[in-house]
Amino acid sequence: MSASLFERLGGEEGIRKISNDVVDLHLDNASIAARFAGSNLERLKANVAAFFISGSGGPQIYEGKDMLAAHKHMNISDQEYMAAVDDVMTALERNGIGATEKGEILYIFYSLRPQVVGV
Ligand code: HEM
């Protein structure tokens with residue numbers, strides 16, 4: 001049997017590093033940084049990591065908001081969505097994640113788009 005996405009992303013430690021990088025890249029990304037002006041960054045990083053860990057087959061249970069509730073009334077645009085996905089791909093590259101895993105994550109993010117964009 002092939003390894004779970006969780007294992008291929010470096011387990012809990014690897015995913016925490018990737019998640020921290022994603023949030024840091026968002027804060028540095030002029031297209032979306034302002035969206036996080038009021039965020040508790042420690043809490044956000046922990047929730048993003050838990051979301052990745054549980055969504056990739058890892059042991060942690062995600063207790064944050066579901067994606068529709070988390071992004072409701074923000075009226076996020078397609079441009080912002082692409083900017084956020086770019087950051088995720090950059091974080092994966094920085095952490096040495098391969099093309100197969102990047103493709104799987106891209107698909108997961110694409111499938112979540114209707115719960116995030118324009119809601
Ligand atoms: C498929 C794409 C996305 C996924 C999987 C995703 C995932 C998440 C997760 C797991 C949380 C944490 C929820 C919680 O703390 O309960 C969150 C919060 C948030 N997301 Fe996203 N997100 C996506 C796209 C976006 C985009 C495009 C934007 C806007 C540029 C955005 C802005 C935010 C903001 C402002 C928060 C709340 C931060 C806070 O409460 O401090 N997200 N997102």
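This is a predicted model: local features need pLDDT of at least 70, side-chain atom pairs count only at pLDDT 80 or more; totals for chains, interfaces and linings use all residues.
**Two residues to start with**

Let's begin with Asn29. You'll find Asn29 in the loop that runs between helix H2 (11-27) and helix H3 (41-55). Because Asn29 has 18 C-beta neighbours inside 10 Å, it counts as partly exposed. Which residues does Asn29 contact, once neighbours within four places in sequence are left aside? They are Ala83 and Asp87. Ser77 makes a handy reference point too: 48 residues separate it from Asn29 in sequence, and the C-alpha to C-alpha distance is 15 Å.

Next up is His71, which sits in helix H4 (residues 67-71). An unreviewed UniProt entry covers His71 with the annotation "binding site". Is His71 buried, exposed or partly exposed? With 19 C-beta neighbours inside 10 Å, His71 is partly exposed. Setting aside residues up to four places away in sequence, His71 touches Ile76, Gln115, Val116 and Val119.

| Helix pair | Axes | Angle |
|---|---|---|
| H5 and H6 | within 11 Å | roughly 160° |
| H2 and H3 | 9 Å apart | about 130° |

Take H5 (residues 78-94) and H6 (residues 99-112), whose axes cross at roughly 160°. Angles over 145 degrees count as roughly antiparallel, so H5 is roughly antiparallel to H6. Their crossing is right-handed. On the H5 side, the contact is made by Val85, Val88, Met89 and Leu92, while H6 brings in Glu101, Lys102, Ile105 and Phe109. Sorted by class, this contact has six nonpolar residues, two charged ones and no polar ones.

Then there's the H2 and H3 pair, with its angle of about 130°. That angle makes H2 oblique to H3. H2 passes H3 in a right-handed crossing. From H2, the contact residues are Glu12, Ile15, Arg16, Ile18, Ser19, Asn20, Val22 and Val23. H3 answers with Leu41, Leu44, Lys45, Val48, Ala49, Phe52 and Ile53. How do the residues of this contact of H2 with H3 divide by class? There are 10 nonpolar, two polar and three charged.

Note on methods. Residues are numbered from 1 along each chain as its sequence is written. Helices (H or I, at least four residues) and strands (E, at least two) are DSSP runs, numbered from the N terminus. A residue is buried if 20 or more other C-beta atoms lie within 10 Å of its own, exposed if 12 or fewer, and partly exposed in between; C-beta atoms are placed from the backbone. Two residues are in contact if their C-beta atoms, placed from the backbone, lie within 7 Å. UniProt positions are given in the numbering used here, feature names are shortened, and annotations may be inferred rather than shown by experiment. Axes are lines fitted to C-alpha atoms, for helices over the stretch in contact, and angles run from 0 to 180 degrees between N-to-C directions. Angles under 35 degrees count as roughly parallel, over 145 as roughly antiparallel, 65 to 115 as roughly perpendicular and the rest as oblique. A crossing is left-handed if the near helix is turned anticlockwise from the far one by less than a right angle, and right-handed if clockwise. Ala, Val, Leu, Ile, Met, Phe, Trp, Tyr, Cys and Pro count as nonpolar, Asp, Glu, Lys and Arg as charged, and the others, Gly among them, as polar.
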